[in-house]
Amino acid sequence: MGEGGAALPWHVIRQEANGNRYRVAACATRAEAQKVVESLGSRDEQHYWVERQSA
């Protein structure tokens, strides 16, 4: 994983109970990003999902 950009268009996003959202990973493929989400799961009041960065 590295920082964003066209080469890493798939982002893992975390949303906390208070509504704040953070990008926690940038990945080259959706499958790679989904593996990150699965490894993090939902903890306490935090939720994770995959989004594709717009060009």
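This is a predicted model: local features need pLDDT of at least 70, side-chain atom pairs count only at pLDDT 80 or more; totals for chains, interfaces and linings use all residues.
Colleague: Why are strand 1 and strand 2 called paired?

Modeller: The cut-off is at least two bridges. Strand 1 and strand 2 share six, in the antiparallel sense, so they count as a pair. Trp-10 stands opposite Cys-27 in strand 2.

Colleague: How do you know that strand 1 pairs with strand 3?

Modeller: Six bridges join strand 1 (residues 10-15) to strand 3, and the two run antiparallel. Pairing needs at least two, so strand 3 qualifies. Here Arg-14 stands opposite Tyr-48.

Colleague: What is the strand order in the sheet?

Modeller: The order is 2-1-3, in an open sheet. Strand 2 (21-27) and strand 3 (47-52) are the edge strands, because each pairs on one side only. The twist averages 30° from one strand to the next.

Colleague: Where does helix 1 lie?

Modeller: Helix 1 (residues 30-40) lies across strand 1, strand 2 and strand 3. It runs at about 170° to strand 3.

Colleague: What makes Arg-14 and Glu-16 a salt bridge?

Modeller: Their side chains meet at 3.0 Å, N to O. The cut-off is within 4 Å, so the pair passes. The count by this rule is one salt bridge.

Colleague: Are Arg-14 and Glu-16 buried or exposed?

Modeller: Arg-14 is buried, and Glu-16 is too. That puts each under 20% relative accessible area.

Notes
Residues are numbered from 1 along each chain as its sequence is written. Side-chain values use heavy atoms; hydrogens and water are left out. Helices (H or I, at least four residues) and strands (E, at least two) are DSSP runs, numbered from the N terminus. Axes are lines fitted to C-alpha atoms, for helices over the stretch in contact, and angles run from 0 to 180 degrees between N-to-C directions. Contact means heavy atoms within 4.5 Å. Buried means under 20% relative accessible area, exposed over 50%, partly exposed in between (1.4 Å probe, protein chains only).
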